[in-house]
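Biologist: Hi! Could you walk me through this model when you have a minute?
Modeller: Happy to, here it is.

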Amino acid sequence: MSGTEVPVEKCLENYEYIFQKNILKDKVAFITGGGSGICFTIAEIFMRHGCDTVILGRKMDRLQLSAQTLQQATGRRCLPVQMDVRQPKMILAAVDAALNEFGKIDFLINGAAGNFLCALDRMSFNAFKTVMEIDALGTFNVSKVVYEKYMKAHGGVMINITATLHFRGTSLQTHAGSAKAAIEAMTRHMAVEWGQHGIRVMCVAPGPIADTEGMQRLGGKVNEGGLVREHFLQNIPIQRMGHRVEIADVCLFTLTRAGDLLTGTTIIADGGSWLTGGNPPPQVKVAKAQL
């Protein structure tokens, strides 16, 4: 792919409905990171259930392509808005644009994130700061603006997309794991303080998700050769990785009446991987012959 080409997301060719097709009819979701990856599929599944969406990210050309794809596949409206979650002025303008277009924001999905593999002793000050700002500070920034401009008066549901990196401490992921841990703590505080306004705040923590750019980039060592991959999958209790649509369905469930008692907690959607998966220090070499 040349430097001028924009990655194109594709919608699902087939989708099996678990909930009624109109369960989110005429609702509006504000989705950071919605132009690609897991959050693109979250937008798609919400829209397939009657929801209109606002997808946000830093690359407007990608957002526009994704919005067109989503609208054509679902028949619902999707507003692309360029925004950096680290910039409060951009967030204020983006929320205003969403409210001008749709009049409300029923759901907030905080999915914008940054990540890369890096040993802690080789990590620069700026690298750690950048991931913390995008993930943790960005979640606070967007949540605060959506709360103040709409949800404080009308209620709603916020879902923060986290991970399982911080549960045991994952090699080469100190920056991302620290950010996700901060988000989960923040979620509990938000749930306690904002519940009185009819707001539920949840985390959804995906594990290994096969059809993501992150798995391709960050899980490369695990996937080298069939033997290593087989060993990795055998360590997952359900014997497979997840898929983006499954995370989207978990988020959908959280928004429905079936999730009305859920707030301030984390749904770990990883097939039990964090319980059983190996987590060796970076200097430990796993011999393929012993797998």
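Modeller: Let me begin with Cys-203, which counts as buried at 1% relative accessibility; buried means under 20% relative accessible area, exposed over 50% and partly exposed in between, with a 1.4 Å probe and protein chains only.

Biologist: Good start. What about Cys-51, buried or exposed?
Modeller: Cys-51 is buried, at 0% relative accessibility.

Biologist: Before we go on, what are the ground rules here?
Modeller: The model is predicted, and local features need pLDDT of at least 70, side-chain atom pairs count only at pLDDT 80 or more, while totals for chains, interfaces and linings use all residues. Numbering runs from 1 along each chain as its sequence is written, and side-chain values use heavy atoms, with hydrogens and water left out.

Biologist: Thanks. How many helices and strands are there?
Modeller: Ten helices and seven strands, taken as DSSP runs numbered from the N terminus (helices are H or I with at least four residues, strands E with at least two). Of the 291 residues, 47% count as buried.

Biologist: How does strand 2 pair with strand 1?
Modeller: They run parallel, over five bridges; two strands pair if DSSP finds at least two bridges between them. Ile-31 stands opposite Ile-55 in strand 2. Between strand 1 and strand 2 the chain passes through helix 1 (residues 37-48), giving a right-handed β-α-β crossover. Right-handed means that, with the strands pointing away from the viewer, the path from the first strand over the helix to the second runs clockwise.

Biologist: And what about strand 3?
Modeller: Strand 3 (residues 78-82) is parallel to strand 2 and joined to it by five bridges, with Leu-56 opposite Val-81. Here the chain crosses from strand 2 through helix 2 (residues 60-74) to strand 3, in a right-handed β-α-β crossover.

Biologist: Switching topic: which residues touch the most other members of the largest nonpolar core?
Modeller: Ile-31, Ile-42, Phe-46, Leu-70 and Ile-159, out of 32 residues. Such a core is a set of buried Ala, Val, Leu, Ile, Met, Phe, Trp, Tyr and Cys residues joined through side-chain atoms within 4.5 Å. Helix 1 gives the most to this core, with eight residues.

Biologist: Last one, Glu-9. Where does Glu-9 lie?
Modeller: In the segment before strand 1 (28-32). Glu-9 is buried because its relative accessible area is 17%.

Biologist: Which side chain does the side chain of Glu-9 make a polar contact with?
Modeller: That of Arg-244, at 2.9 Å. A polar contact is a pair of N or O atoms within 3.5 Å; within protein, one must be able to donate a hydrogen and the other to accept it, and residues adjacent in sequence count only if both atoms are side-chain atoms. A polar atom of the Glu-9 side chain also lies 2.8 Å from the backbone nitrogen of Gly-37.
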